[in-house]
Amino acid sequence: MTSPASSQPAPTPTTATPTTPATPVAAPVTITKGTLATPASPAPQPPQADTRPAPRLGGAVWLALAVVYVVWGSTYLAIRIAVETMPSFLSAAARFLTAGLLLAGYLLVRRGPAGLRVSPRRLASAALVGVLLLTGGNGLVVLGETSVPSGLAALLVAAVPLWMVVLTAFGGERPKRAELAGVLLGLVGLGVLSAPAIGGSVRPLGVVLIICATLLWAVGSFASKKVPMPTDVLAASAYQMLAGGLCNLLIGLVRGEQRGLDLAAVSGRSWLALVYLVLFGSLLAFTAYAWLLRAAPLTLVATYAYVNPVVAVLLGWLVLAEPLTGPTLAGGAIVVAGVCLVVSVSRRPGRAASARR
């Protein structure tokens with residue numbers, strides 16, 4: 001049976017009608033024995049260069065950096081004053097537990113329980129980073145400052161950027177030559193700055209403890225970019241400070257720092273130094289640092305360790321009337337030059353983009 005359309009007579013040819021616009025015609029497909037030949041694909045085009053402007057670091061990054069530069073530069077002096085009449089690890093525990101509880105309470109009041117709700121995996125990551133930063137990093141600095149002057153401690157902590165560049169290289173990101181040059185230039189300046197201080201009587205153990213602290217701080221900073229952290233920076237900071245504070249407390253108790261502790265014997269200036277460390281060193285500066293680890297390149301964040309010694313030396317001149325010598329001025333100028341070089345590299349295309357990963 002045929003369809004009705006097939007029973008109609010075929011139309012006879014007529015005069016040519018206007019042609020319609022040409023439409024793409026598929027390339028013919030030829031069938032060969034056992035194969036189906038398809039049209040040849042067009043030759044690949046070479047990749048086009050990305051001409052989009054590189055994203056720039058916002059003003060919030062530079063403001064947070066300024067806070068970390070200035071406030072953390074002053075904490076070395078505050079730590080030195082606090083440990084005059086306070087035990088090292090217990091004073092660090094009091095600082096971070098108080099700051100962590102205040103920050104957690106703020107989140108509970110503003111956002112309710114949801115403000116602190118995180119997955120167990122992210123909570124464990126925050127605790128690990130907190131222990132590396134605040135026990136391994138800050139705790140050892142506090143212990144070292146019982147025998148090392150605050151200015152020299154700040155100079156030793158300036159090794160952090162070098163560790164960070166090494167860790168970044170191990171992580172697969174090859175540092176740029178200018179970036180390495182900035183790090184080395186900064187270390188040269190710190191060597192000039194530290195030469196007069198090292199000439200005095202300083203216990204080698206304290207120096208070793210602070211150098212170990214710089215390595216652990218760099219590892220914690222590097223790990224914070226690799227492990228799944230709480231998405232909220234304030235919640236992450238609260239958990240880090242609580243974990244670090246608890247670990248400092250445990251170490252202080254194991255070391256027996258509670259034996260013979262008389263709170264009435266703690267001086268008023270030590271209490272004021274501890275309050276400053278809680279409010280400014282922890283709540284303000286540490287939260288800014290935790291945010292910077294997510295919002296800015298790691299090598300740019302690490303430049304705080306170059307500026308902190310300069311701030312510490314200036315505070316020693318202003319507060320303790322320490323003289324500003326020629327090596328101090330020269331070393332400070334070299335340090336600032338190294339910071340400028342690292343910052344200029346961090347603002348170039350690629351480095352700025354990495355801040356938004």
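This is a predicted model: local features need pLDDT of at least 70, side-chain atom pairs count only at pLDDT 80 or more; totals for chains, interfaces and linings use all residues.

## The largest cavity

The largest cavity has a volume of about 220 Å³. A search of the whole structure finds four cavities of 30 Å³ or more.

Nineteen is the count of lining residues for the largest cavity, given as 19 residues, and Trp72, Tyr76, Asn138, Val157 and Trp217 are the ones that lie nearest its centre. Several helices contribute to this lining: α1 (59–82), α2 (88–111), α3 (120–144), α7 (204–224), α9 (268–295) and α11 (304–319) each supply at least two residues. By class, the lining of the largest cavity comprises twelve nonpolar, six polar and one charged residues.

## The second largest cavity

The second largest cavity holds about 60 Å³ of space. Its lining is formed by Leu133, Ser224, Met229, Ala236, Gln240, Ala290, Leu293 and Arg294. Two or more residues of this lining come from each of α8 (233–254) and α9. The most is given by α9, with three residues.

In terms of residue class, the lining of the second largest cavity has five nonpolar, two polar and one charged residues.

The structure holds three salt bridges. In one of them, the side chains of arginine 269 and glutamate 84 meet at 3.1 Å, N to O. Arginine 269 belongs to helix α9 and glutamate 84 to the loop between α1 and α2, so this pair ties together parts that are 185 residues apart in sequence. Arginine 269 counts as partly exposed, at 46% relative accessibility. Glutamate 84 also counts as partly exposed, at 46% relative accessibility.

Another salt bridge joins arginine 111 to aspartate 232, with the closest N and O atoms 2.5 Å apart. This pair links distant parts of the chain, since arginine 111 lies in helix α2 and aspartate 232 in the loop between α7 and α8, 121 residues apart. How accessible is arginine 111? Its relative accessible area is 40%, so arginine 111 is partly exposed. Aspartate 232 is partly exposed as well, with a relative accessible area of 24%.

## The salt bridge of glutamate 257 and arginine 255

The side chains of glutamate 257 and arginine 255 meet in a salt bridge, at 2.3 Å from N to O. Is glutamate 257 buried or exposed? Glutamate 257 is buried, because its relative accessible area is 11% and the cut-off for a buried residue is under 20%. Arginine 255, by contrast, counts as partly exposed, at 44% relative accessibility.

With a relative accessible area of 27%, tryptophan 62 is partly exposed.

How far apart in space are tryptophan 62 and leucine 292? The two residues are 230 residues apart in sequence, and their C-alpha atoms are 9.5 Å apart in space.

Methods. Residues are numbered from 1 along each chain as its sequence is written. Side-chain values use heavy atoms; hydrogens and water are left out. On a 1 Å grid over the protein atoms alone, a cavity is a set of points where a 1.4 Å probe fits but cannot get out, and a pocket is an open set with protein on both sides within 12 Å along at least five of seven lines; lining residues have an atom within 4 Å of a point. Grid points are joined across faces, edges and corners, and a volume is the space filled by probe spheres set on the points. Helices (H or I, at least four residues) and strands (E, at least two) are DSSP runs, numbered from the N terminus. Ala, Val, Leu, Ile, Met, Phe, Trp, Tyr, Cys and Pro count as nonpolar, Asp, Glu, Lys and Arg as charged, and the others, Gly among them, as polar. A salt bridge is a side-chain nitrogen of Lys or Arg within 4 Å of a carboxyl oxygen of Asp or Glu. Buried means under 20% relative accessible area, exposed over 50%, partly exposed in between (1.4 Å probe, protein chains only).
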